[in-house]
Amino acid sequence: MKCKNCKAIFKPRQFNRKYCIKDECNDLYFEFLKKQAHKKWNKEKKIKKENLQTVQELLKLTQIVFNKWIRSRDKNNPCISCRNPVPKKVNAGHYIASGKSKFLTFHEDNVHLQCEYCNTYLHGNLLDYRINLIEKIGLERVKYLEDNRNKTKKYTREELKEIIKKYKKSI
């Protein structure tokens, strides 16, 4: 077998050995093994870290990913409340506040692009939001949101991971 470094022919003592026993080649071989072990550890660490996340941490991450998706979905639309064309600072504004209805937190009809002024300083500017929302998605779907505003939902880790996966791949 040929050494991967110096190209000298050698007889390997182990079936998967790709370097001869010269000091220079041996050092390269151990560096190679070290890199492999480091890669393996990084993969294991990532899996362990994902498994240690609490539902609250996953909920925050899901909200970030979902809001990013909403901003990319509506990027060329004006603010849903004031109709100002493509504002500089934008938020993903909820029609039914996510604190009031966890059931509608990640519902696509409930969240739209909103300028920071309407969302933060006018507390959602809900009257104009509703008028423009009816125009955008129709009265029937708005009624659905309003009828389900008091529903509660307790998300599981698996549900949150699925939501993250769904919206991450379409950003």
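**View 1. Salt bridges across the structure.** A search of the whole predicted model finds seven salt bridges, a salt bridge being a side-chain nitrogen of Lys or Arg within 4 Å of a carboxyl oxygen of Asp or Glu. Because the model is predicted, local features need pLDDT of at least 70 and side-chain atom pairs count only at pLDDT 80 or more, while totals for chains, interfaces and linings use all residues. Residues are numbered from 1 along each chain as its sequence is written, and side-chain values use heavy atoms, with hydrogens and water left out.

View 2. The side chains of Glu159 and Lys153 meet at 2.8 Å, N to O. Glu159 is partly exposed at 28% relative accessibility, and Lys153 is partly exposed at 30%; buried means under 20% relative accessible area, exposed over 50%, and partly exposed in between (1.4 Å probe, protein chains only). Salt bridges that share partners also join Arg73, Asp74 and Lys136 into one network.

**View 3. The salt bridge between Arg73 and Asp74.** These two side chains meet at 2.9 Å, N to O. Arg73 counts as partly exposed, at 30% relative accessibility, whereas Asp74 counts as buried, at 3%.

**View 4. The salt bridge between Glu146 and Arg130.** The side chains of Glu146 and Arg130 form a salt bridge of 2.6 Å, N to O. This pair links distant parts of the chain, with Glu146 in helix α5 and Arg130 in helix α4 (residues 126-137), 16 residues apart. Helices are DSSP runs (H or I, at least four residues), numbered from the N terminus. Glu146 counts as buried at 17% relative accessibility, and Arg130 as partly exposed at 27%.

**View 5. The two faces of helix α5.** Val142, Leu145 and Glu146 are the buried residues of helix α5 (residues 139-147). They lie on the same side of α5 because they cover an arc of only 95° around the axis, the arc being that of the directions from the helix axis to the C-beta atoms. The face turned away from the buried side carries the exposed residues Glu140 and Asp147.

**View 6. A patch of positive charge on the surface.** Lys2, Lys4, Lys7 and Lys18 gather in this patch. Patches are made of residues with over 30% relative accessible area and no salt bridge, like charges being joined within 9 Å. Lys7 is found in the segment before α1 (23-52) and is exposed, with a relative accessible area of 53%.

Definitions and conventions:
Patches are made of residues with over 30% relative accessible area and no salt bridge: like charges are joined within 9 Å, nonpolar side chains (Val, Leu, Ile, Met, Phe, Trp, Tyr) within 5 Å. Accessible areas come from the Shrake-Rupley method with a 1.4 Å probe; for residues, only the protein chains shown count as cover. Lys and Arg count as positive and Asp and Glu as negative; His and the chain ends are not counted. The place of a charge is taken as NZ of Lys, CZ of Arg, CG of Asp or CD of Glu.
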